[in-house]
Amino acid sequence: MLKDKLRKFYTHEMYFPTLLSLFINPFYFARKGLYKNIKDLSPNVTGRTLDVGCGLKPYESLYKSEEYIGLEYDSPENRQLKKADYFYDGIAFPFDENSFDSVVANEVFEHVFNPNTFLDEVNRILKKDGILFMTMPFVWDEHEQPFDYARYTSFGIKSILEKHGFEVMTYRKSINDIRVIFQLLNLFIWKKLRTKNSLINHIIILLLIFPFNLIGELLNLFFPKNSDLYLDNIILARKVKID
């Protein structure tokens, strides 16, 4: 029972960082930025919502959806580990046209090998004026290999969305300051030193990662922002064209 509570608490801190996350979260800055921006823009995600690449549905509680449906690529691993309601072949969404009011794709688009097909499917299943809410990394390491295919600049993501019938309503750059550097340092440490022993991993975080979390937060008080270097794209778009 205690172990389950600790696991639940730890998972919550990974996605909803508090001050305690400085001590335990190797992705502290990235997750803090994502949480803040998703929370700020979540009131726009309403009605019947499809979460594409839903994973564990970590941010479901933030949205104002009447119905929240998770979709994942069909694989034995995903069927075992993910909280999806539907699985698909990675090409065609198993839903009718104009059947959703909003679509969420958090940290998913970089894993899409054919973005044109993906956005066509999002457009197809969204109602007119439906909302697409996306987050994706700009500065980050290759992850979930070999299924990591792309990085998008602010200009690139706006252009491809417009070509597929979407109007960008809100665009933000998450963590566009010196904390980018410290997040990358922590990411390097975590990937190179992480073990299969959870106790050793917690010691590594406390001794080697926590100091950079703290220094990054302190230096951010004095250093200016740099909008050319940032961790994540945050996009809120609206379907304006019906193909």
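Guide: Let us begin with the surface of this predicted model. The protein chain exposes about 12900 Å², and carbon and sulfur atoms supply 59% of that area.

Visitor: What makes the radius of gyration of the protein chain agree with that of a compact globule?

Guide: For 243 residues, a compact globule would have a radius of gyration near 18 Å; the protein chain has 18 Å, and therefore the two agree. Along the principal axes, its C-alpha atoms fill a box of roughly 55 × 45 × 35 Å.

Visitor: Why is Met136 called buried?

Guide: The term requires a relative accessible area under 20%. Met136 has 0% relative accessibility, so Met136 counts as buried. Buried residues make up 47% of the 243 residues in the protein chain.

Visitor: Where does Met136 lie, and which residues does Met136 touch beyond four places away in sequence?

Guide: Met136 belongs to strand β5, which covers residues 126–137; the protein chain has seven strands and eight helices. A contact requires heavy atoms within 4.5 Å. Beyond four places away in sequence, the residues touched by Met136 include Phe109, Tyr152, Ile157, Leu231 and Ile235, as well as Glu107 and Asp232.

Visitor: What share of the contacts with a separation of 6 or more joins residues 24 or more positions apart?

Guide: In the protein chain, that share is 71%.

Visitor: How far apart are the mean positions of the positive and negative charges?

Guide: The mean positions of the 31 positive and 31 negative charges of the protein chain lie 5 Å apart.

Notes. Residues numbered from 1 in each chain as written. Predicted model: local features only at pLDDT ≥ 70, side-chain atom pairs only at ≥ 80, totals over all residues. Heavy atoms only, no water. Helix = DSSP H or I, 4+ residues; strand = E, 2+ residues; numbered from the N terminus. Buried < 20%, exposed > 50% of the residue type's maximum accessible area, 1.4 Å probe, protein only. Rg over C-alpha atoms; globule rule 2.2 N^0.38 Å. Areas by Shrake-Rupley, 256 points an atom, 1.4 Å probe, with all protein chains shown as cover. Lys, Arg positive; Asp, Glu negative; His and termini not counted. Charge placed at Lys NZ, Arg CZ, Asp CG, Glu CD.
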